[in-house]
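Reader: I should like to go through the assignments in this structure and hear the reasoning behind them. May we begin?

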Amino acid sequence: MSKGHSFLPPSGAETWSVCALWPTMNATFPQDDSPETLEGTAAHWVWQKMLDGEPVGVGDVAPNGVIVTGEMIEGGELYVSIMPKVKREFLVVETPVSIYDVHPECYGTPDSWYFDLKTYVLDLFDYKFGHRFVDEYENLQCLLYVEGIFNRLALQLKVGQGELDQKVTVRITIVQPRCYYKGEPVRVWTLKGSDIRGYINKFKLAAELAHSPNPVATTNEGCRDCPGRHACDALQKGAYSDLQYSS
């Protein structure tokens, strides 16, 4: 696994799976942490401390300098409350995975996961502290994490990944304490391991396009967060077209 930032990060999968130019834009115009991302990092630190049984409270200072709030404490308690009732060492927390079958430059770090050898159920837990709704269904970031975990499990269990796919049930859980859209801050999508193959094949094609000599930009919902939007011809043309239409 390469060091530094992934060229094809799972966190950007919703965008680079559509726009082949996004990875290049993301690498060319790196962004500093925003107040929101700093807050999210601190919130992650809070639940990790709780999971390890270490004391943390309102007013404490996270390693990145952000002061812990009551919302972070409540969110951390919610996250820890849904963890499987197993020994802490059986939970895999903040451990990088390589999604090398998509591309060698595709890797990332799931928040936490647990694989039950008896039932062959893989539970993946992803914590989102922001207010913007994150759908659990067809969550591309989490699907890439699942593929990376499958790569690791296949090696550990000494089985082919195709065989593993057929046996495993996957539960993707999004924990979003500050977003109650659809009624619940904890939402679960359950699928068969083999169901991810179609998504992974699409990711492979998207990775090839992103590494082509002249990757093409395609406007999409992710444009609003793209660090290179100020230099994107496709976005500017789309904006002028929308302006003409609205006029």
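Reader: Why is Gln176 called buried?

Author: In this predicted model, Gln176 has a relative accessibility of 0%. Buried means under 20%, so Gln176 counts as buried. Its place is in the loop between S6 and S7.

Reader: What makes the pairing of the side chains of Gln176 and Arg187 a polar contact?

Author: The two side chains are joined at 2.7 Å, and the cut-off is a pair of N or O atoms within 3.5 Å. A polar atom of the Gln176 side chain also lies 2.5 Å from the backbone oxygen of Arg132.

Reader: How do you know that strand S5 pairs with strand S6?

Author: Pairing requires at least two bridges, and seven bridges join S5 (residues 121-127) to S6 (residues 169-175). The two strands run parallel.

Reader: What makes S1 and S7 edge strands?

Author: The open sheet has the order S1-S4-S5-S6-S7, with mixed pairing. Strands S1 (92-93) and S7 (186-192) each have a single partner strand, so one side of each is left without a neighbour in the sheet.

Reader: How do you know that the span of helix H5 agrees with its number of residues?

Author: At 1.5 Å a residue, the 18 residues of H5 (residues 140-157) should span 26 Å. The end C-alpha atoms are 25 Å apart, which agrees.

Key. Residues are numbered from 1 along each chain as its sequence is written. This is a predicted model: local features need pLDDT of at least 70, side-chain atom pairs count only at pLDDT 80 or more; totals for chains, interfaces and linings use all residues. Side-chain values use heavy atoms; hydrogens and water are left out. Helices (H or I, at least four residues) and strands (E, at least two) are DSSP runs, numbered from the N terminus. The expected span of a helix is 1.5 Å times one less than its number of residues. Buried means under 20% relative accessible area, exposed over 50%, partly exposed in between (1.4 Å probe, protein chains only). A polar contact is a pair of N or O atoms within 3.5 Å; within protein, one must be able to donate a hydrogen and the other to accept it, and residues adjacent in sequence count only if both atoms are side-chain atoms.
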